[in-house]
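Thanks for coming. Please look at the structure as I go.

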Amino acid sequence: GPMSPYISGVFATQYAFDLITLGLMLSFLTVLDAIWDPVIGTLSDTRKTRWGLRRPWIIAGAASTTIVGLALFYPRESMSIWYFVIVYGLLNLTGSMFQIPYQAMATSITRDFRSRDKLYFLMPVASGILALGFNFLPQLSIFETTRLTVEVFALAICIFGVLSVPTIWLIFKCFPEDVYSAIKPRADRLSLTFTLRKTWDLLRLNRPFAFLVVMQIIQGTGAAALGGLYFFWFDGYLGIGNAFTQIGFTFAIIGFVAPLAGLKVTKYVPRQTLFVIGTFLNTANGVVLILLTPDTPYLLPIFLATSVVFSGFISFILSSLMNAITADVVDYGRLKTGHEGAGLYLSAESVIGKAQSAILGGAGLVVLGSFGFEAGAQTQTEAANWALRILVAGLPVLASFIVGIAMRWFPLDKRRMEIISRRLSQRAQRAAREDEHTLAIKSVGEEAPVAGGMARPVGA
């Protein structure tokens with residue numbers, strides 16, 4: 001997780017990639033993601049194995065991500081931009097193989113509104129613990145610099161591979177996969193046409209999902225920083241790349257504290273109200289960020305206070321809220337269709353998220369290259385610096401403002417979700433009774449009456 005926003009920026013800086021070419025290639029990768037993510041989601045919804053719907057995907061995805069990650073991050077003197085794009089595309093694929101089913105499992109283990117808040121606010125706390133470790137890695141004496149480099153990524157992916165082993169064991173040992181027994185996986189024949197039709201059905205039958213998709217697309221217009229521009233901003237423009245560890249540590253601590261605070265606040269403030277407040281606060285903070293320059297007095301403390309502490313705190317809360325809201329949308333779809341579709345919902349959301357970082361980030365790289373920005377250069381043109389500031393801080397301000405206003409009308413509030421949860425539970429109970437009745441009839445049919453009122457199995 002902590003690696004993703006920096007990968008393209010670090011590689012472009014370390015190997016001097018052409019930004020226009022890189023941006024176009026990353027945009028093309030998103031087209032591929034739009035194909036394989038829904039396929040993975042659909043397969044994990046419809047192909048049940050002896051180990052469940054999701055677990056085989058998590059095993060295969062985690063193992064292959066470790067292998068492909070080592071192929072990408074293994075330190076070398078030089079690297080072709082084509083090699084980077086191809087292997088990075090494979091890394092996106094293998095990451096989707098475990099991330100989509102894992103998130104889909106999470107949507108099925110909570111029923112009531114408060115439990116769902118707890119799950120999606122405590123998961124980032126666990127992630128924050130490892131984020132602290134990741135941001136400490138550049139300080140190790142085995143590295144020549146405290147800057148974020150490809151060598152740091154190589155060590156991080158090794159740690160990921162090691163930690164995947166006990167994680168997978170715990171998922172098999174302790175994780176209940178199917179809570180709503182009434183929701184049956186479908187056995188439709190898988191094809192690209194079928195996947196596209198199911199995705200269209202989600203948008204057509206599940207209006208809250210369509211509403212959420214539109215919000216995420218708008219939010220994505222301000223997410224260009226996730227495509228690697230954020231690294232260029234604080235490293236190439238503001239010139240505080242050597243302080244990456246301090247920045248990362250602060251982010252990780254906020255990532256640990258913010259979800260706990262958000263969980264406490266959601267006990268008293270409705271999700272939608274909190275989301276609207278958070279987006280407006282982020283809008284105000286973006287105005288401050290766009291005014292930062294390399295000559296700003298006390299630049300690093302101000303950067304940490306605004307970009308990391310304030311904006312990071314709000315962003316972590318908004319992210320947890322969005323995950324909980326998405327899980328509500330999945331439950332609405334379960335009730336509406338009677339079938340399991342969490343994998344396809346999450347894959348559709350994944351495509352949007354990757355589009356935010358790849359298409360918009362890729363377009364941002366093309367724009368920067370057009371204005372003369374050069375990765376790794378000591379100085380940049382004034383036009384290139386202004387283009388970077390607008391992309392990193394200006395667009396998020398506008399997008400947050402629009403989303404903050406629109407989310408006031410999101411239809412799934414706490415009262416409605418309590419009704420949906422109750423109906424899903426009732427449906428599961430009816431299905432369990434019907435299964436018991438069917439088994440009882442079947443067992444009677446397998447026995448034949450004999451003299452004396454006794455019964456014995458047919459053919460005995």
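A patch, as I use the word, is made of residues with over 30% relative accessible area and no salt bridge, and like charges are joined within 9 Å. The model you see is predicted.

With that in mind, which residues gather in a patch of positive charge on the surface? They are Arg207, Lys336, Arg415 and Arg416. Take Arg207, which lies in helix 8, residues 207–220. Arg207 has a relative accessible area of 67%, so it counts as exposed.

Now the rings. A pair of aromatic rings is described by the distance of the centres and the angle of the planes. How many aromatic pairs does a search of the whole structure find? It finds ten.

One of them is formed by Phe11 and Tyr15, at 5.9 Å centre to centre with 35° between the planes, and it is tilted. Both residues sit in helix 1, residues 7–15, four residues apart, or about one turn of the helix. Phe11 and Tyr15 are both buried.

Next, Phe280 and Phe401. Their ring centres are 5.9 Å apart and their planes are at 40°, so this pair is tilted. Phe280 is in helix 11, residues 271–290, and Phe401 is in helix 14, residues 382–406; the pair links distant parts of the chain, 121 residues apart. Phe280 has a relative accessible area of 34%, so it is partly exposed. For Phe401 the value is 41%, so Phe401 is partly exposed.

Last, back to Phe11 and Tyr15. They belong to one aromatic cluster, together with Phe17, Phe73, Phe84, Tyr88 and Phe153.

Methods:
Residues are numbered from 1 along each chain as its sequence is written. This is a predicted model: local features need pLDDT of at least 70, side-chain atom pairs count only at pLDDT 80 or more; totals for chains, interfaces and linings use all residues. Side-chain values use heavy atoms; hydrogens and water are left out. Patches are made of residues with over 30% relative accessible area and no salt bridge: like charges are joined within 9 Å, nonpolar side chains (Val, Leu, Ile, Met, Phe, Trp, Tyr) within 5 Å. Accessible areas come from the Shrake-Rupley method with a 1.4 Å probe; for residues, only the protein chains shown count as cover. A salt bridge is a side-chain nitrogen of Lys or Arg within 4 Å of a carboxyl oxygen of Asp or Glu. Lys and Arg count as positive and Asp and Glu as negative; His and the chain ends are not counted. The place of a charge is taken as NZ of Lys, CZ of Arg, CG of Asp or CD of Glu. Helices (H or I, at least four residues) and strands (E, at least two) are DSSP runs, numbered from the N terminus. Buried means under 20% relative accessible area, exposed over 50%, partly exposed in between (1.4 Å probe, protein chains only). Rings of Phe, Tyr and Trp (its six-membered ring) pair if their centres lie within 6.5 Å; planes under 30 degrees apart count as stacked, over 60 as edge-to-face and the rest as tilted.
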